[in-house]
Amino acid sequence: AVAYNAVISACAASGQWWESESIFIQMQNAQVRPSLVTYSCRISAFAKAGKWERSIEVLRETLAARLVPDVIMYNAVISACGNG
């Protein structure tokens, strides 16, 4: 998962949210289990793009995956909502 997270994070940093989602789908197809970091990177990608609704959806996906969001993730979602 670490390599996927690095690529998703790089896509997020460069504003390419669509590429980060493509990598996430590839990750799932490879049957690699996303981590809390994976979901946080995705939220950051959407936050940077002003897609606050999608950030909230990813938070819900995190909870559905039975992962416990941390302060960093909640801050990213709040930031996304503030920028949207």
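Analyst: Start with a cut-off: a residue counts as buried when its relative accessible area is under 20%. The model here is a predicted one.

Now take helix α3, residues 36-48. Its length checks out. At 1.5 Å a residue, its 13 residues should span 18 Å. The end C-alpha atoms are 18 Å apart, which agrees. After α3 comes Gly50, with a positive phi near 75°.

Which residues of α3 are buried? They are Thr38, Tyr39, Ser40, Cys41, Arg42, Ile43, Ala45, Phe46 and Ala47. Their cover includes α1 (2-13), α2 (17-29), α4 (52-64) and α5 (71-83).

Look at the α2 side. Glu21 sits in helix α2. Its relative accessible area is 13%, so Glu21 is buried. Leaving out residues up to four places away in sequence, Glu21 touches Arg42, Phe46 and Arg54.

Arg42 has a ring beside it as well. Arg42 lies over the face of Phe24, 3.8 Å from the ring centre.

Next, Phe46. The whole structure holds three aromatic pairs. One of them joins Trp17 and Phe46. This pair is tilted, with 5.7 Å centre to centre and 45° between the planes. Trp17 lies in helix α2 and Phe46 in helix α3, so the pair ties together parts 29 residues apart in sequence. Phe46 has 1% relative accessibility, so Phe46 counts as buried. Trp17 has 27%, so Trp17 counts as partly exposed. Trp17, Trp18 and Phe46 form one aromatic cluster.

Note on methods
Residues are numbered from 1 along each chain as its sequence is written. This is a predicted model: local features need pLDDT of at least 70, side-chain atom pairs count only at pLDDT 80 or more; totals for chains, interfaces and linings use all residues. Side-chain values use heavy atoms; hydrogens and water are left out. Helices (H or I, at least four residues) and strands (E, at least two) are DSSP runs, numbered from the N terminus. The expected span of a helix is 1.5 Å times one less than its number of residues. Buried means under 20% relative accessible area, exposed over 50%, partly exposed in between (1.4 Å probe, protein chains only). Contact means heavy atoms within 4.5 Å. Rings of Phe, Tyr and Trp (its six-membered ring) pair if their centres lie within 6.5 Å; planes under 30 degrees apart count as stacked, over 60 as edge-to-face and the rest as tilted. A charge sits over a ring if NZ of Lys or CZ of Arg is within 6 Å of the ring centre and within 35 degrees of the ring normal.
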